[in-house]
Amino acid sequence: MSELNKKTIAEAARGLEDGDFTSEELTRACLDAMEAARDINAFITETPDIALARAGESDARRAAGNATGPLDGIPIAVKDLFCTEGVLTTAGSHILDGFTPPYESTVTQNLRDAGAVMLGKTNLDEFAMGSANITSYYGPVKNPWTADSGDKQGKDLVPGGSSGGSAAAVAALIAPGALGTDTGGSIRQPASFTGIVGMKPTYGRCSRWGIVAFASSLDQAGPLTRTVEDAALLLGGMAGHDAKDSTSAPMDLPDFTAGLKDGIRGLKVGIPKEYTMDGMPAEIEALWAQGRDWLTGQGAQCVEVSLPHTQYALPTYYIVAPAEASSNLARYDGVRYGLRVPGDSLDDMYEATRGEGFGEEVRRRVLIGTYVLSAGYYDAYYIKAQKLRTLIARDFQNAFADVDVLLTPTAPSAAFVIGEKMDDPVAMYLNDIFTVPASLAGLPAISVPAGLDGDGLPLGLHLIAKPFDEATLFRAAFALEDAAGFDAKPGVGPGGGS
Amino acid sequence: MSYLIEGESGDWDVVIGLEVHAQITSQAKLFSGSATAFGAGPNTQVSLVDAAMPGMLPVINEYCVEQAVKTGLGLKAQINRHSVFERKNYFYADLPQGYQISQFAEPIVGEGIVVLDMPDGTTREIGIERLHMEQDAGKSMHDQDPKRSFIDLNRSGVALMEIVSKPDLRSPEEAGMYVRKLRSILRYLGTCDGNMEEGSMRADVNVSVRPAGSGELRTRTETKNVNSVRFIMQVIEHESARQVQAYESDEEIVQETRLFDAARGETRSMRSKEFAHDYRYFPDPDLLPVVLSEDEVEAIRASLPELPDDIKQRFIDTMGLTAYDAGVLVADKETANYFEQVAKGHDAKIAANWVTGNLFGALNKAGRSIADSPVTADALSELLDLMADDTISGRIAKDVFEEMFETGRGAKQIVEDKGLEQITDTGAIEAAVDAVVTDNPDQVADFRGGNEKAIGWFVGQVMKATEGKANPKLVNELLRKKLAK
């Protein structure tokens, strides 16, 4: 087996440009790795034929001197929440059985136009609702990492979620990059759990058109990669204004890699004091302190800042997101596409279809969302949550008056064992405690792999920047990555190795 | 216009408010580029957005926003420069998204006025509560198959304005006048074609009753989707009588949604559970608020056409028409245009009489609208010219008009072909007068004996002898001269 699948996007782009190998060779290496790692269940649908066809087209373009740019011929994995023309799109749900869209999402179309090669559609929590990739109708994804000591040793671990399949595919060296979506941490938390880079851009940076909606005011597409530079490259191929999405920002697309390596001398980094929480594992605390030292060592200045409404972020999120989801998921009614379970009346058909088509977590959130929007509860829940959301966003605005970026842990723990926390939704929701505030404020944020815990499992550090200041975010993340020097790689599956 | 329901306990007033759903005239739907033409084959005008495919997003059609603002300005209403689309959530098979995008807490148009032209020439102002934009649902067809229902999504996403009146209407007639006037204004503005039979306009009718003269507002019922002026009036008649009867039998009126059964001419309760909705409105996160600058609103204001109330005033002020005639003539745009063309170069009052009298009579009888009148404005103008220059008399003109209406031929042509030109040659008329006077000595004696009225009989005889073509004025003069001798 060639080792081309281990290359980063930047390395692969150079190799393609220098003629060291072809996109077809690169793609075949990734497809081989995909086949070899099938037991981690990272993909719902593999698309080798499409991949090889697009790789061939890319090689032909390059041979003709018409290569489009750094992403031309680069294989990527696509979260199965993006609608892809002619390819089954499931959102990880039974209710979309057999749904093959006749259209391509704007983000995946942008990448096709940039010459990227789709390897397949990755597994995810059902409708992106989850933090462990255990709610998928297509079964859980296994984290390529395994614990080398402690209670978790010898057990299958979760990859985080909801973009668990994408994170696992990148961590398992199947794809150099993957597309995810992040509503409350669905890119950043799995990136932390799998030792890779996961980035959520500013709300409005990427078009939501053609992405199966979970919570419209929070959903954003973003890249999962093995390096910060790759994340900047991949985002460049995804983002851009789209007239078909009214919430897409009408802004020019910058070169996110420009200035990436310019260093952070003089950069002001805020350390939000409210992110120090009771019961936070000492390892996380220590890694966070280490992160401060790394950034200081690179010439940045770390100062304490206050985000006083932080404690309300999680409850606010778990009102806003389910409220929007309860409405967004109303269209899955068995009438026009996907699963239909017949009934004696229209209402019977709805109940049978949605009862069977949606899993437990989706049903839970639809019920919560319906409840908080109901007459008599709307003001107490939804309106109050909107007000808190405004206050949380204002906290960030105030903090960013003094600092350029914020540094926090990405998640309160390393990956846990598949099956844990399943009966305790609140414990599961706590996974997103550090990522949710930036989501509510629509801010760009990134998780960078920074170290291993005592069991040998990866942990990430999290940076948050001002709206549309992805350039500073990437620059700080690059410096952090450089200082951390994280180069551990997972074995695949319990006792496995690659 | 007082409308009282006589109950056993006394008289009752009826209080009416209407919610009119008017389809915005636009090539494309409110949030997608699909066509909106009436009568297309089922599901031929449906985009991915209209069918609520996964991941599809609405994008506001700015033209529809302009049309709504235009309508608001035409209703002399407050324009809200910040308005918000919300989702109204409910499940139905012809509602693909599982919610209707509508405006709720912050509509685009606030309070306004519709002026009714009453039969006695006075006017009455009916308040508008608000106007908001929303998308239509699709159509369910339950009569195509014994077991299954069919869905046509052509209407799904079509732009509607919901125009809500205040509870200012007091009789079925007033409600009818209000809908006609509103429709007229929308047609003048070009913001809704007002074709109720095609579903472009329909109304939800809110009705309550109260003891005559009391100021209270009692529980109202809402009868949904009534699609003609006549039906709206029937709903009010039936519903108000039903409520009075209920109160007088010590029954409660419950706030509820009712359906109109056109075949029976009555309303009935829609008690099925799917209508007991909690719509869970919340701002649609897929859409930004609609924000209008003052300049944008002013630009739309500057583009407004002359509206019926203004035209009516102009007809009264500059043409000397009565308020009633002017009101009738401006009731729809086609009539007003027709009249203005006919009135050009003619006596406005005569023109008004011809349009509201002969023309309307003939159109009514033939069941045609002014838009497809066989007698065009130019043709009627030509007829009026022939009268004005004394080529024909008024009496002959009526016959000529009838023939024009039947055959579509021109007035001049008919008059020439039939030799209907008025006889203004004094000699010819004098000969006829002489003959009548000579042949009827008894009547002459009668007249000369003081029976002035007998002159009418002589005129009739002369007209008969000249086949109605003699100029009646000349006949009269010559007869008086002859009989005076």
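Hi everyone, let me start at the interface: between chain B and chain A there are 17 residue pairs in polar contact, both residues at pLDDT 80 or more. A polar contact here is a pair of N or O atoms within 3.5 Å; within protein, one must be able to donate a hydrogen and the other to accept it, and residues adjacent in sequence count only if both atoms are side-chain atoms. On the side of chain B that touches chain A, β4 (85-89) and β15 (282-283) of chain B each supply at least two residues. Helices (H or I, at least four residues) and strands (E, at least two) are DSSP runs, numbered from the N terminus. By class, that side of chain B has 21 nonpolar, 4 polar and 5 charged residues. For the classes, Ala, Val, Leu, Ile, Met, Phe, Trp, Tyr, Cys and Pro count as nonpolar, Asp, Glu, Lys and Arg as charged, and the others, Gly among them, as polar.

A quick word on the basis. This is a predicted model, where local features need pLDDT of at least 70 and side-chain atom pairs count only at pLDDT 80 or more, while totals for chains, interfaces and linings use all residues. Residues are numbered from 1 along each chain as its sequence is written, chains are lettered from A and ligands numbered from 1 in the order in which they are written, and side-chain values use heavy atoms, with hydrogens and water left out.

Back to the interface. In contact (heavy atoms within 4.5 Å) are 30 residues of chain B and 39 residues of chain A. The buried area is about 2,800 Å², with 58% from carbon and sulfur atoms; that is the accessible area (1.4 Å probe) that two parts lose on being put together, summed over both. Pro54(B), Phe91(B) and Arg280(B) supply 22% of what chain B buries against chain A, more than any other three residues.

How many salt bridges are there between chain B and chain A? The count is 1, and its partners are Asp286(B) and Arg208(A), at 3.1 Å from N to O. The criterion is a side-chain nitrogen of Lys or Arg within 4 Å of a carboxyl oxygen of Asp or Glu.

Asp286(B) comes back in the second largest cavity, as one of its lining residues. Others there include Arg331(A), Tyr332(A), Met56(B) and Tyr99(B). This cavity holds about 70 Å³. A cavity is a set of points, on a 1 Å grid over the protein atoms alone, where a 1.4 Å probe fits but cannot get out, and lining residues have an atom within 4 Å of a point. Its volume is the space filled by probe spheres set on the points, which are joined across faces, edges and corners.

The largest cavity has about 110 Å³. Of its 15 lining residues, the closest to the centre are Asp50(B), Gln97(B), Gln135(B), Ser156(B) and Gly157(B).

Over all chains, there are 50 salt bridges. In one of chain B, Glu294(B) pairs with Arg81(B) at 3.6 Å. Glu294(B) is in helix α4 (residues 294-302) and Arg81(B) in the loop between α1 (62-74) and β3 (82-83), so the pair ties together parts 213 residues apart in sequence.

Lastly, some backbone geometry. Lys76(B), not a glycine, has a positive phi of about 50 degrees, and the Gly161(A) to Ser162(A) peptide bond is cis. Thanks, everyone!

Notes
On a 1 Å grid over the protein atoms alone, a cavity is a set of points where a 1.4 Å probe fits but cannot get out, and a pocket is an open set with protein on both sides within 12 Å along at least five of seven lines; lining residues have an atom within 4 Å of a point.
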